[in-house]
Amino acid sequence: MSKATRTDTPSPAPHGADSHDLIRVQGARVNNLKDVSVEIPKRRLTVFTGVSGSGKSSLVFGTIAAESQRMINETYSTFVQGFMPTLARPDVDVLEGLTTAIIVDQERMGSDPRSTVGTATDANAMLRIVFSRLGKPHIGSAQAYSFNIASVRATGAITVDRGNRKTDRVSFSRIGGMCPRCEGRGSVTDFDLTAFYDDSKSLNEGALTIPGYSMDGWYGRIFSGCGFFDPDKPLSKYTKRELDDLLHKEPTKIKVDGINLTYEGLIPRVQKSFLAKDVEAMQPHIRAFVERAVTFSVCPECDGTRLSEAARSSKIKGISIADACSMQISDLALWVRDLDEPSVAPLLAKLAHALDSFVEIGLGYLSLDRPAGTLSGGEAQRVKMIRHLGSSLTDVTYVFDEPTIGLHPHDIQRMNDLLLRLRDKGNTVIVVEHKPMTIAIADHIVDLGPGAGKAGGTVCFEGSVEGLRTSGTVTGRHFDDRARLKEEVRKPTGTLEIRGATAHNLADVDVDIPLGVLVVVTGVAGSGKSSLVHGSIPGGAGVVSIDQGAIRGSRRSNPATYTGLLDPIRKAFAKANGVKPALFSANSEGACPNCNGAGVIYTDLAMMAGVATTCEECEGKRFQASVLDHHLGGRDISEVLAMSVTEAQGFFGDGEGRTPAAHAILNRLVDVGLGYLSLGQPLPTLSGGERQRLKLATHLGDKGGVYVLDEPTSGLHLADVEQLLGLLDRLVDSGKSVIVVEHHQAVMAHADWIIDLGPGAGHDGGRIVFEGTPADIVATRPTLTGEHLATYVGA
């Protein structure tokens, strides 16, 4: 007799591996975090919110993502680690449940002039292989289509030791695709020598006007001791040979005072030191010199394609690789899909998928030959996302830094769908974000604050979107804020005429931009807004242009040095104490000799993270003890640099410390909402929003009647946008004309005049689709911008 099978057996206990469903952070103290402890659910979408400078990036990037990357790096051998960036363990007590972190940040892409969208995403590499297999005539391997590889030919003798010595004559050749005239840059340079030197002076009299080229340092020693010319003779009296040696001489070994040195002419040296970088990435004074001294023009030999004549002659169905790279990516994807070649089918499928990813992420309007340095922060971030869209990896942590920057409300919905898709594949998605549209899709929210800088660094709220709305935090109170349309708009005082604008995708645009009012230029990403504003408004006198370019600065840079505030402060200290201003610079004569003015001693530990210890001699103050004996208004220079902007504003406003030049700069910092920053806080510790506002404050001091701002709300919390609108109003009311490229509906609603470009991106855009007041665009809703703005204001 058989036994009956029981069906009421108890369900098995949960597997131990399934219990690790949280990332736990305990006691995080990176930057301004105050012993923060949070629990982040895995395989969910978590959004970190809070005012700019509240500690979001310190927790997400500086703690969670940094520790994940550090632990992954430690799995490699010490030999491999020696070639990788060294990361110190974040200042945190406990980090549990971490998974592999993939960081997609806002850092602008490589500014190398040879870096393009195609080279940055590997699409170019695949396209080159396709042409090397299918191109007619066949000119060589994939290298023959690369503008980064020069053609090389060599002949010589080679000796091989195999029992009997044998010498053979060998020849070597490599066919590259680089244009020999412009060396793969697409542009050639001409030099205005009057910007290099004043020929009425001698070298010793300071004839050279190139930044950093003075006779006081190594350059002076080289020029004086090289013997190729007389440093005391005016340059106008140089012989042809002497002037050629000064300007063009190839690198030559020389000996000066018993030291082996290399002499090189000014032009090749400037080309290597300045022109090897992207102009946009240069320091302001070097950029000003390059723009004054160097003229860039399209290479006449390759017509700007960067490629040799042979590479351009090889074609597939009448299309060369130069033509393919200049196509809009959405069109190139269709062309690749029409190539029915079984011999390269897997490669074509992979290339088509990469190009489709561009279209899917809203970048189909770009071309592969677009220089990477010209991408906005939002575009660069989305280009980095492309390689992750088709990834089969699951259970990894994707970390995004404001992925909606530079996106029109219409495009934000598409970005939200991508974030949810990554989550639904079983990944943990962590997003730092300010836009309510993206915060609304979160499974879990962590709100930091309550303020910024020293007033932030604590967790104010953890929970759902509905919980945030009723939480009473700054983010919760402003979450449902909606700007109202103005009842009255300002009347223009004149117009700025633009006629026949054709930069990038602009289709012969004619537009009159009203002056004396707040003008907002809108449109979907890639519609031609920046091309119109930056490419068509004539620069020069009267126009102050503030773009999205990132602030660059070392750990020695701080708000005081970046804004120029330190100059009047140093002079005030020097005048009050009867000494030189250089004493009050931690990068000059006043620096602590033990730490060279850094405040810390760095110990390099090779493949392990270096250790920074506070300098025992100056106790982190960065200055010599004798310098700190000098006071202004009862404070020494280190105490002044430790002040907040607001505190310093009062100190330099009146009393013994009164310094009008410093007070004016501090007023501008307070105007942009940075009153809480300390003057000596290192620039690398500032958040993206803080850097954006620091840059804005610096340019507010520029003299000009027309201000052009490119997405000034980048990195700004909902509460900070209100303050920005007040600042824009004050600028206009003081008689300035303000033109803003912006996607934020609160700024659109606050405008006096809207110019909307579109209707689409790339060749589907580049036209004016609306001009008028915000009330008009809301009433008629003729465009995507009109529809989204109407929804936003509740019309």
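Which residue is the bridge partner of S545 in β24? The partner is V708, and the sheet that holds this pair is described below.

## Basis of the model

The model is predicted: local features need pLDDT of at least 70, side-chain atom pairs count only at pLDDT 80 or more, and totals for chains, interfaces and linings use all residues. Residues are numbered from 1 along each chain as its sequence is written, and side-chain values use heavy atoms, with hydrogens and water left out.

## Overall dimensions

A compact globule of 795 residues would have a radius of gyration near 28 Å, and the 30 Å of the chain agrees with that. This radius is taken over C-alpha atoms, and the globule rule is 2.2 Å times the number of residues to the power 0.38. Along the principal axes, the C-alpha atoms fill a box of roughly 105 × 80 × 65 Å. The accessible surface comes to about 36,900 Å², with 50% of it belonging to carbon and sulfur atoms; areas come from the Shrake-Rupley method with a 1.4 Å probe, and for residues only the protein chains shown count as cover.

The chain has 28 helices and 27 strands. Helices (H or I, at least four residues) and strands (E, at least two) are DSSP runs, numbered from the N terminus. Of the 795 residues, 49% are buried, where buried means under 20% relative accessible area, exposed over 50%, and partly exposed in between (1.4 Å probe, protein chains only). Contact means heavy atoms within 4.5 Å. Among contacts between residues at least 6 apart in sequence, 66% join residues at least 24 apart.

## The six-stranded sheet

An open sheet of 6 strands runs in the order β21-β24-β25-β20-β26-β27, with mixed pairing; two strands pair if DSSP finds at least two bridges between them. Its edge strands, β21 and β27 (767–772), each pair on one side only. The twist averages 15 degrees from one strand to the next. Axes here are lines fitted to C-alpha atoms, for helices over the stretch in contact, and angles run from 0 to 180 degrees between N-to-C directions.

Strand β21 (residues 543–546) is joined to β24 (residues 706–710) by 4 bridges, and the two run parallel.

Helix α25 (residues 718–733) lies across β20, β24 and β25, and runs at about 145 degrees to β25.

## The three-stranded sheet

An open sheet of 3 strands has the order β2-β1-β4 and antiparallel pairing. The edge strands β2 (36–41) and β4 (92–96) each pair on one side only. Neighbouring strands are turned by 5 degrees against each other on average, direction ignored.

Strand β1 (residues 22–28) pairs with β4 over 4 bridges in the antiparallel sense, and R24 stands opposite E96 in β4. Helix α1 (residues 56–73) packs on the sheet and touches β1, β2 and β4; its direction makes about 115 degrees with that of β1.

## Nonpolar cores

A nonpolar core is a set of buried Ala, Val, Leu, Ile, Met, Phe, Trp, Tyr and Cys residues joined through side-chain atoms within 4.5 Å. The largest has 67 residues, of which W335, L368 and F400 touch the most other members. Not counting residues up to four places away in sequence, the contacts of F400 include F61, V104, M385, L419 and V431. A second, separate core of 65 residues includes F651, L683, I754 and A790.

## Two individual sites

H410 lies in helix α14 (residues 409–424) and counts as partly exposed because its relative accessibility is 32%. H410 and T785 are 375 residues apart in sequence and 8.0 Å apart in space, C-alpha to C-alpha. Leaving out residues up to four places away in sequence, H410 touches V524, L784 and H788.

S678 is found in the loop between α23 (660–671) and α24 (688–699). At 17% relative accessibility, S678 counts as buried. With residues up to four places away in sequence not counted, S678 touches P559, L641, A642, M643 and S644.
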